[in-house]
Amino acid sequence: MTETTTTTTATGRASVAALPRRPARSLRAERILDVIIRSIVPVVLALVAGGVLLLALGRNPLTFYGNIWTGGVAAGAWQNSAIRMAPFLLIAAGLTLIFRANIWNLGYNGQFLLAAALVSGYAPGLTNHVPAWLAFALLFLLAGAAGAIWTIVPAVLKARYGTNEIITTLMMSFIGVDLASLLIKGPFHDPTTPLPQTAVIPLDKMLPPIPGTRIHIGLLIAFAAIFVVHYMLTRTSWGLRLQIVGANPRAARHFGINLPRLILTSFLASGFLVGLAATADIVGLWGYIRTGWDPAYGDTIIPFVFLARLNALAVVPFIAFFSVLSTGGDLAAQQAGLPTDVLYVLVGLILLFMTVIEYLGRRRELGQSYLPQGLRQALHLRRAVA
Amino acid sequence: MTQHNGTSIPLVELRGITKAFPGVLANDRIDLTLRGGEVHCLLGENGAGKSTLIAILSGLNRPDAGEILIEGKPTTISSPRRALELGIGTVHQHSTLIPALSVLENLMLGDRRGLRLDEAGARRRLRDLSAQLGVEIDPDAKARDLALGHQQQVEIVKALWRGSRVLILDEPTSMLTPQGVAELAKVLDRLTESGQAIVFITHKLHEALSLGDQISILRQGRLVGHLTKEEIRIRSHDELRAEIVRIMFGEEARDIGDVAELREEVAGARSERHVPENAEVVLELRGLTAPGEGSERGVEEISFELRQGEILGIAGMDGNGQRALAEAIAGQRHASHGHVLLYGGDVSRLGVASRQKLGLRYVTDDRLGEGIVGMLPVGLNLFLKRIGEAPYWRYGRIQRAVVEGRAAELVREFDVRTPSVSKRVSTLSGGNIQKILLARELSFDPKVVVFHKPTYGLDVKTTAMVRALIRKLADGGGAAVVISTDLDELLELSDRIAVLSRGRLVGVVSNGPGAAEEVGELMVGSPAEAA
């Protein structure tokens, strides 16, 4: 976003001496303010509008939000919310990274489930035979590799032939989901039960908790991934190339950036991170997988990835917020006698207000965006000089 | 077209127009009078306030203070539509035609009467207007297939479509060939004969002098000078030139060291350079063939040698393969066959980054489209062709202090006007962006530099600086290929001028007396003269 460009409305009679001169605010402060306006305000507005909706339904919104607090934050409940965050964060890291390059990996469900099926299938045996730390390392690698491999076909097609990755990743996702199902019914099926599910990992073989909490260490890995992605994007040459490709592919060509290699590496990294989410979730929380289970974490968090403006760090508070909302919301909805769908209404409202704020933000610059390029440049020059 | 009396009440009168943008006064109490039958030139550097004034006239911006009188009546131009209703038509610098639509369809876009398109009526109108302008326009040609000069004619027709009385042309010659400019001048003549008032925006002095009936000079948002019809008629061009330069650059002209250069620039002086016959060949193309992209032409079998210290001009009208040639030399486009040799070594297989490192550089003409990444800061933009290289990156990690320190030096050396190196590059003006490109390509030991339209759209001062840099490069043991559609520029800079026509080099002319005519002939070119 460019700086705010609120120009004075033409009064036609304003004297020259009275022309406004805005104090030069620092760019950083302006940017932070911008982020707050564009991300926090929609959430607040959604909570208010949701409250009105609850009132209309004859429920007390304060009680409802209070119950969300009780169920999602208070008295150790925050730990449940934190556990929920782990896969969200890992997938968010994977999506943020590739979206920055303007490449759309929408195959996260297939990548996740395929990795989850493989982890569930191998975890019970592996944890029995090798030391725990090695088993966990192998399981994370296995899941990451599975997620990464599932991006290869779209990546190569795009790098080589410029095939639209939105379609190919979605197609690969369907195949991944069904393949996971086949694996669970076939080779990984637990023979001791007729249900289509894998053997359950014994509780003492699951990811250990962070000392003093019930939260498994998968959350730490997730945070590490977020920081690594942020570092890669902001500090490394690879991240810079990625952003150039995202911002201006023609420039990327002019600067001699190896586009195919970048497409391939960003796809692999993205799939890898999505895969890690599967290990965190299966070995950290569920302990097994059964057919038909598709939590579609990626679909849930995509709005937040955008709300955070593809900033890896900024996505954390949003995901924390949503985790609390969904953990505590189950309780709150139950007590209010409402279906849990009401939570998705809240998420929907956030998106709605996000769009509205974005629109208003643009409008402020409406005059600008109508200007021909030469004129805009001239104006920019003057702002730059000022 | 109604005839208007050019002497009594002026068609449009601006009084004390003032417009401020945050932190800057774009127009400061400007008075301007437009009369029917006159070409009124607005002359000024980039950022002088010409465009803001035009935006106000065409309804894109509203003034903070001041009055607009149309035929003596105070009027508010509240929107572009209102401007059209008032008979003010604008031809913007960049094409606003929709490429996939035909000329006729483009013209009918503005019609808003009823649901059905009145095609027969539109055809008639186009025929009348073409006749009035003395041009031939194919109504069914797709806009994208038109040459730039023809596109502009369509833009003019579009501006006149609903009966305009005031026609504003924003830098209309910036994309035209010499022939195109001559044709435009004829069109303007016919328009003024029919009583149109024309506002002609330019930063080229000689255009203002040859085309303008009135000349108003803007500087830093203020009207700093005005030459009336009588003055222009009576005084000699040289005298006027000197005066305009003084008005345009004022105080600044004293502290910029290159005033002499500026005058030379204005006078269109030719440099006397001499390249020894036995100088080393630094760049050689052997049968270089590269495909075009999309509707744009490729190049075939291009061969030439470039010696140390030499400036080779590549002349030709736009769209004859210039971009393909430049990109194939830079390594940005894959050559289907042929070779590029740098100091005798074949670099045909190397990519952009490796060629860049070897000293083979490319200053692109598409400054905004590919030359910069707008959201990144100035400092980083200076190093985008060296991503990952030490000492700016170590182990893949950016060394911010090193990058910013070196960037600050380059910014000083190349006189980039920016508040800081951390400013987003998209906030800079075209001239400063070009300086960033030059700083990037002309630093770190450049050997052979391809300049593609290096001064296109720049103001006089920056143009002079760019040309001085090109000469400095050649004098300092480098060599340059200058691709330009501006023949004057090539005549001023080059030792030899090669002519590119339909993707082939059709001849090479040594610069000197008579070179212009020779090049011109090659450009229009009978095939028999092809080398």
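## Overall make-up

How many helices and strands does the secondary structure of chain B come to? The count is 20 helices and 22 strands. Chain A has 16 helices and 0 strands. Both descriptions rest on a predicted model.

In chain A, 44% of the 386 residues are buried. In chain B, buried residues make up 50% of the 531 residues. Contacts can be sorted by sequence separation too. Take pairs at least 6 apart in sequence: in chain A, 79% of these contacts join residues at least 24 apart. For chain B, the corresponding share is 69%.

## Chain A: helices α5 and α11

Helix α5 of chain A covers residues 132-149, and helix α11 of chain A covers residues 259-286. Their axes come within 6 Å and cross at roughly 135 degrees. The two helices are therefore oblique to each other. The crossing is right-handed.

Which residues of α5(A) and α11(A) make the contact? From α5(A) come A:Phe136, A:Leu139, A:Phe140, A:Ala143, A:Gly144, A:Ala145, A:Ala146, A:Gly147 and A:Ala148. From α11(A) come A:Leu268, A:Gly271, A:Phe272, A:Val274, A:Gly275, A:Leu276, A:Ala278, A:Thr279 and A:Val283. By class, this contact has 13 nonpolar residues, 5 polar and no charged.

## Chain A: helices α6 and α7

Helix α6 of chain A spans residues 152-161, and helix α7 of chain A spans residues 165-185. Their axes come within 9 Å. The crossing angle is roughly 160 degrees, so α6(A) and α7(A) are roughly antiparallel. This crossing is right-handed.

On the α6(A) side, the contact uses A:Val153, A:Pro154, A:Leu157 and A:Lys158. These meet A:Glu165, A:Thr168, A:Thr169 and A:Met172 in α7(A). The contact divides into 4 nonpolar, 2 polar and 2 charged residues.

The domain assignment of chain B gives three entries: domain 1 (12-255), domain 2 (281-359 + 445-529) and domain 3 (371-440). The C-alpha centres of domain 1 and domain 2 of chain B lie 33 Å apart.

Is helix α12 of chain B enclosed or open? Of its 9 residues (322-330), 9 are buried, so α12(B) is largely enclosed by the rest of the structure. Among the buried residues are B:Gln322, B:Arg323 and B:Glu327. B:Leu325 and B:Ile329 are also buried. Just after α12(B), B:Gly331 takes a positive phi of about 95 degrees.

## Chain B: backbone details to check

Most residues other than glycine have a negative phi, and most peptide bonds are trans. B:Glu71 has a positive phi near 50 degrees and is not a glycine. B:Glu71 sits in the loop between β4 (65-70) and β5 (73-74) of chain B. It is partly exposed, with 15 other C-beta atoms within 10 Å.

B:Glu301 also has a positive phi, of about 50 degrees. B:Glu301 lies in strand β12 (residues 299-307) of chain B. With 14 C-beta neighbours inside 10 Å, B:Glu301 counts as partly exposed.

Which residues does the cis peptide bond join? It joins B:Ala390 and B:Pro391, with omega about -5 degrees. B:Pro391 is placed in the loop between α15 (378-381) and β17 (393-394) of chain B.

Definitions and conventions. Residues numbered from 1 in each chain as written. Chains lettered and ligands numbered in written order. Predicted model: local features only at pLDDT ≥ 70, side-chain atom pairs only at ≥ 80, totals over all residues. Helix = DSSP H or I, 4+ residues; strand = E, 2+ residues; numbered from the N terminus. Buried ≥ 20, exposed ≤ 12 C-beta atoms within 10 Å, placed from the backbone. Contact = placed C-beta atoms within 7 Å. Axes fitted to C-alpha atoms, helices over the stretch in contact; angles between N-to-C directions. Parallel < 35°, antiparallel > 145°, perpendicular 65-115°, else oblique. Left-handed = near helix turned anticlockwise from the far one by under 90°. Nonpolar A, V, L, I, M, F, W, Y, C, P; charged D, E, K, R; others polar. Domains from an automatic or database assignment.
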